[in-house]
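Reader: Please take a close look at one part of this model, a pair of packed helices, and then go on to the ligand site.

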Amino acid sequence: MSKMKDLFASKAIPMGKEIKAMLKEHGNKVISEVTLAQAYGGMRGVKGLVGETSALDPYKGIRFRGYSIPELQDKLPKAPGGEEPLPEGLFYLMLTGELPTEEDVKGITKDWAERAKSIPAHVFTLLDSMPTDAHPMTQFIAAIAAMQTDSTFAKKYREGMPKTEYWDPMFEDAQTLIARLPRVAAYIYRRTYKNGEHIEPNYDLDWAGNFAHMLGFGDNKEFTELMRLYLTIHADHETGNVSAHTTRLVGSALSDAYLSLSAAMGGLAGPLHGLANQEVLRWVMELKEKLGGTPNQEQIKTALWDTLNSGQVIPGYGHAVLRKPDPRYMAQREFALKHLPDDELFKVVSNIYEVAPNVLLEHGKAKNPWPNVDAHSGVLLVHYGLTDYDFYTVMFGVSRAMGVLASLTWDRALGLSIERPKSVTTEWVKNEFLK
Ligand code: CMX
């Protein structure tokens with residue numbers, strides 16, 4: 001067993017027992033109540049899930065096992081001469097709850113490189129059979145589901161595996177799937193936007209470095225650093241968001257990691273969730289085109305009101321939990337201030353940041369007028385030449401897989417049950433309250 005697997009087992013298995021004992025004594029303690037508005041309103045604020053890998057504070061933002069993004073930038077191992085953390089280290093932290101050493105991270109990079117080498121050929125055949133104008137997320141979902149033929153969990157389950165062993169093949173599937181995603185994503189990118197001129201992987205590189213290389217930007221050190229940051233900050237946002245919760249929900253039926261993640265990516269592909277990153281860029285580009293130049297703050301304000309008055313949302317702004325600017329936005333802003341302070345689009349994004357919160361406050365609907373992660377990612381990618389914004393959510397998905405699959409491995413180790421909340425009909429509600 002690898003050190004990471006050992007460490008995970010040594011923590012998760014006793015914790016599963018501890019939780020069982022705790023539930024025996026305290027299982028009927030109340031942690032939340034549900035109002036009618038919450039039942040109709042996306043269960044906002046209902047404490048109905050437990051997740052270990054990260055926690056979201058409405059005012060401070062995301063904490064990965066207690067660590068903020070600046071703390072991760074300080075404490076996680078980096079590539080030689082690099083500035084941003086290696087995402088492999090964040091995976092280790094989310095899975096084990098402990099900070100990795102440089103050796104630990106090197107071990108994961110090496111292990112993932114091995115696992116990435118044997119992607120089944122039919123995955124590429126399937127992708128090649130799809131129209132190149134199929135949305136990259138549609139291709140990504142299909143490719144992830146197609147890799148399910150390799151699921152160790154599904155195989156072991158069919159052979160007859162006791163419940164106590166579920167975590168082991170889930171751990172293996174999670175590692176293999178995460179390892180393979182950059183290659184699959186880069187393949188989708190190159191077939192969709194670069195005439196199918198693929199770039200062979202270089203498995204001497206780290207996971208994010210190899211992704212940058214296969215996308216075609218490997219010669220650019222700053223882009224590679226951006227990928228390390230990007231794949232770190234998008235990885236997890238506690239368990240109730242659509243992609244994380246979908247992974248939990250589908251996995252609770254003992255569907256394997258491939259089926260659970262492909263379902264989750266269907267959720268990430270929604271414009272209110274991960275697709276917002278492409279929508280932000282589309283919004284900015286359409287405005288620039290309409291005005292024939294870079295919009296000033298006044299023009300941005302008018303455009304924001306036009307969007308709101310036509311009944312649409314401002315993409316990249318608002319959040320179901322956050323009530324302050326998203327630290328993932330701020331980390332990307334810091335990156336931009338350091339590497340591309342004079343970039344024209346960065347200035348537009350900064351101007352939107354100056355104007356949009358007041359517009360949203362005046363509009364009076366959004367509970368959080370501040371930018372989220374998706375408001376900034378596109379402008380950084382465009383700066384380095386990755387201008388194909390329909391692809392951006394796939395990059396988000398490559399990162400998100402780390403958080404949700406670390407979490408899914410925990411779910412199986414803790415022996416979580418199949419999800420099955422009770423629903424009621426509106427007729428039931430009326431009979432209950434309008435009598
Ligand atoms: N623009 C316009 N209206 C907005 C808004 C925005 N950016 N954010 C919220 N609102 C509106 C909601 O649509 C809702 O309107 P109704 O009362 O007419 O239904 C009202 O304000 C209250 O919503 P809320 O409680 O503040 O927000 P929710 O928790 O319901 O939704 C979110 C959260 C993110 C879906 C929403 O803010 C939104 O649609 N933002 C734009 C899309 C976006 O950026 N999504 C990415 C989020 C991060 C991610 O998952 O990647």
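Author: Helices α11 and α16 are roughly antiparallel to each other, because their packing angle of about 170° falls in the class over 145 degrees. Helix α11 covers residues 221-233 and helix α16 residues 327-339, with axes 10 Å apart; helices here are DSSP runs of H or I with at least four residues, numbered from the N terminus, and axes are lines fitted to C-alpha atoms over the stretch in contact, with angles from 0 to 180 degrees between N-to-C directions. This is a predicted model, in which local features need pLDDT of at least 70 and side-chain atom pairs pLDDT 80 or more, while totals for chains, interfaces and linings use all residues. Residues are numbered from 1 along each chain as its sequence is written, and side-chain values use heavy atoms, without hydrogens and water.

The contact (heavy atoms within 4.5 Å) is made by E222, E225, L226, L229, Y230 and I233 of α11, and by R328, A331, Q332, F335 and H339 of α16.

Turning to the ligand, 22 residues surround it, the closest being H273, G316, Y317, K367 and D374, where a residue counts as near if one of its heavy atoms lies within 4 Å. Polar contacts, pairs of N or O atoms within 3.5 Å, include one between a nitrogen atom of the ligand and a backbone N or O atom of I314, at 2.8 Å. A polar backbone atom of G316 lies 2.7 Å from an oxygen atom of the ligand, and a polar backbone atom of K367 is 2.7 Å from a ligand oxygen atom.

Conventions: Helix = DSSP H or I, 4+ residues; strand = E, 2+ residues; numbered from the N terminus. Parallel < 35°, antiparallel > 145°, perpendicular 65-115°, else oblique. Polar contact = N/O pair within 3.5 Å; in protein donor to acceptor, adjacent residues only side chain to side chain.
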